[in-house]
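I am opening my notebook to write down what I looked up here, step by step. The sequence and the structure come first, and my entries follow.

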Amino acid sequence: MVPQFDAVIVGAGFGGIGAAIELDRLGLRDFVILEREDDLGGTWHVNRYPGLAVDIASVTYSYSFEPNPHWSRLFAPGAELKDYAAHVADKYGLRTRMRFGTVVDGARWDEQDQLWVVSIAGGETLTARYLLTATGFLSQPYTPPFPGIESFAGKIIHTTDWDADYDLTGRKAAVIGTGATAVQLVPEVAARVAELTVFQRTPIWVVPKVDAPIPGVVQELFARVPLAQKAARLVNTGMLEALMVIGVLHYRQAEPLNSAAALLAKAHLFAQVRDRETRAALTPHYDFGCKRPTFSNQYFPTFNQPHVRLETHAIDHVEPDGIVTADGHKTEIDTLLLATGFNLWDVNFPAIEIVGREGVNLGKFWRDNRFQAYEGITVPKFPNFLSLNSPYSYSGLSYFTTIEAQMKHMGRLFTELFRRGERTFEVTERANAEFLDRMTEKLGSSVFYGGDCATSRSYYFDPHGEATLLRPTSTAAAHREAVSFPLDDYTYGRGAGR
Ligand code: NAP
């Protein structure tokens with residue numbers, strides 16, 4: 001049987017767009033990108049809450065081969081990221097190969113015909129030689145099952161489903177959650193509502209944000225002399241890399257640097273919050289880096305405002321007109337804003353059902369064994385499948401460094417496949433096991449295992465208690481390996497069909 005497409009890509013965010021550009025470059029032009037939302041952009045299409053901005057400097061949070069000299073700020077607002085995604089997709093002719101509003105239920109490897117059969121909600125199936133999932137890490141919104149939440153009579157908004165028409169003016173609002181999203185949202189909400197209660201379960205490390213508008217003259221310089229923007233990117237990426245590699249991954253060897261980051265965050269808090277009790281409540285009791293820290297100059301001062309209150313008692317239940325905490329206190333509200341993040345491990349690894357060779361189910365394999373993927377991209381028994389959001393794929397820094405390393409891995413793999421005149425590839429059990437051992441060993445030096453992460457409730461840890469979300473190497477090492485991995489880490493085959 002001849003497959004309908006060279007490839008199916010699931011997800012039209014930056015990961016899917018990068019993979020599509022690479023497939024085009026490799027000559028695999030007959031692909032389709034399936035996207036459940038009604039437009040492209042992934043995270044930057046779905047998230048539209050007030051205050052949304054990138055928190056990795058924009059010179060770095062973009063494709064290195066497609067610099068944008070026109071970012072308005074060092075940390076661009078979310079809408080600019082969405083525009084940038086649209087610009088890149090149009091420039092590379094991808095939009096016509098995207099199908100929106102298309103929910104993929106699952107995909108199954110057809111051993112006889114050596115192709116992937118992709119099932120779409122509603123009953124349609126597509127076939128493709130190669131399958132790439134670019135379904136993101138933070139793409140399945142999470143709403144905790146608070147008892148009574150269904151009885152709430154006011155307005156409930158999750159940050160991934162923002163209702164821009166809902167007027168917050170004069171409301172009695174609650175924000176539940178104090179992750180990176182809440183840190184951006186809370187100051188914006190506080191500026192509009194009459195009363196705001198922020199429900200915190202675990203405080204977050206917040207460091208100062210060095211942000212400013214990028215003057216027109218600098219934008220012009222970046223446009224005229226791309227090397228200048230490249231240099232800015234290099235400096236910024238180098239700084240992030242040093243922080244991550246030394247402070248987080250080499251925690252055991254460089255604990256003082258990690259402590260210095262925590263000290264900076266504590267000094268920031270001390271300078272910005274007057275009330276001692278509030279300060280104490282906002283101070284994390286786990287090591288810096290156990291969970292993703294964030295940047296803000298507005299978040300902490302919000303708690304000095306008389307109409308803003310930090311609530312640290314656990315939520316017991318929700319009533320039609322308020323939230324009752326475990327101490328019996330009821331906070332009356334009419335607006336409930338859920339900054340409760342995403343479900344990574346239960347429903348996102350993988351985001352759709354994937355069944356490979358010998359009927360192996362990827363989600364079950366990961367749960368019954370350990371979460372693993374060779375170089376964060378391929379798994380034994382899953383031929384012709386690239387899982388872009390895998391354990392060990394994300395560097396933890398700019399997501400674009402991950403995307404571009406994966407594009408390089410694709411380039412090396414497909415070039416070898418074509419050189420051999422073959423059509424199928426599959427990573428070997430040996431290569432996968434060796435990679436897993438190496439990553440596990442490296443994690444031993446990291447803050448995740450060497451530090452105190454007990455109270456962090458960090459999504460970096462999988463349900464087995466292993467910190468498998470992030471790749472514990474520098475991004476430089478990831479890029480080096482992407483262009484030099486041993487070619488016999490894969491087996492190659494003829495397959496069938498075209
Ligand atoms: P998150 O970091 O997972 O935070 C979710 C929050 O909801 C946490 O404070 C969590 O508390 C709380 N929560 C969950 N269940 C709860 C419950 N049952 N009771 C009370 N509180 C509960 O999600 P997020 O803030 O949306 O951020 C996710 C990630 O998105 C970030 O880490 C970051 O990588 C990314 N992000 C990036 C940007 C940016 O670049 N501009 C902005 C926003 C987000 P616990 O901590 O106790 O679980």
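Which residues of the largest nonpolar core touch the most other members? Before answering, I note that this is a predicted model, in which local features need pLDDT of at least 70 and side-chain atom pairs count only at pLDDT 80 or more, while totals for chains, interfaces and linings use all residues. I also note that residues are numbered from 1 along each chain as its sequence is written, and that side-chain values use heavy atoms, with hydrogens and water left out.

**Entry on the cores.** I found that Phe14, Leu196 and Phe414 touch the most other members of the largest nonpolar core, which holds 141 residues. Such a core is a set of buried Ala, Val, Leu, Ile, Met, Phe, Trp, Tyr and Cys residues joined through side-chain atoms within 4.5 Å, where buried means under 20% relative accessible area with a 1.4 Å probe, protein chains only. Helix H11 (residues 399–419) gives the largest share of this core, eight residues; helices here are DSSP runs (H or I, at least four residues), numbered from the N terminus. Domain 1 (5–140 + 344–492) and domain 2 (149–209 + 252–286 + 296–338) both contribute residues, so the core lies between them. The domain bounds come from an automatic or database domain assignment.

I then looked up Phe414, which touches Leu23, Leu26, Leu28, Tyr130, Leu386 and Phe425, leaving aside residues up to four places away in sequence. Another core, of 11 residues, lies apart from the largest one, and Phe152, Ile176, Phe199 and Ile333 are among its members.

**Entry on the domains.** I looked up the C-alpha centres of domain 1 and domain 2, which lie 32 Å apart. The contact between them (heavy atoms within 4.5 Å) takes 20 residues from domain 1 and 16 residues from domain 2.

**Entry on the ligand.** Which residues come nearest to the ligand? Of the 25 residues around the ligand (a heavy atom within 4 Å), these are Ala53, Thr181, Thr202, Lys291 and Tyr459. I listed polar contacts, pairs of N or O atoms within 3.5 Å: a polar side-chain atom of Thr202 lies 2.5 Å from an oxygen atom of the ligand, and for Thr181 the distance is 2.6 Å.

**Entry on helix H4.** Helix H4 (residues 180–190) gives the most to the shell around the ligand, with three residues. Nine of the 11 residues of H4 are buried, so this helix is largely enclosed by the rest of the structure; Thr181, Gln184 and Pro187 are among the buried ones.

How values were computed
Buried < 20%, exposed > 50% of the residue type's maximum accessible area, 1.4 Å probe, protein only. Helix = DSSP H or I, 4+ residues; strand = E, 2+ residues; numbered from the N terminus. Polar contact = N/O pair within 3.5 Å; in protein donor to acceptor, adjacent residues only side chain to side chain.
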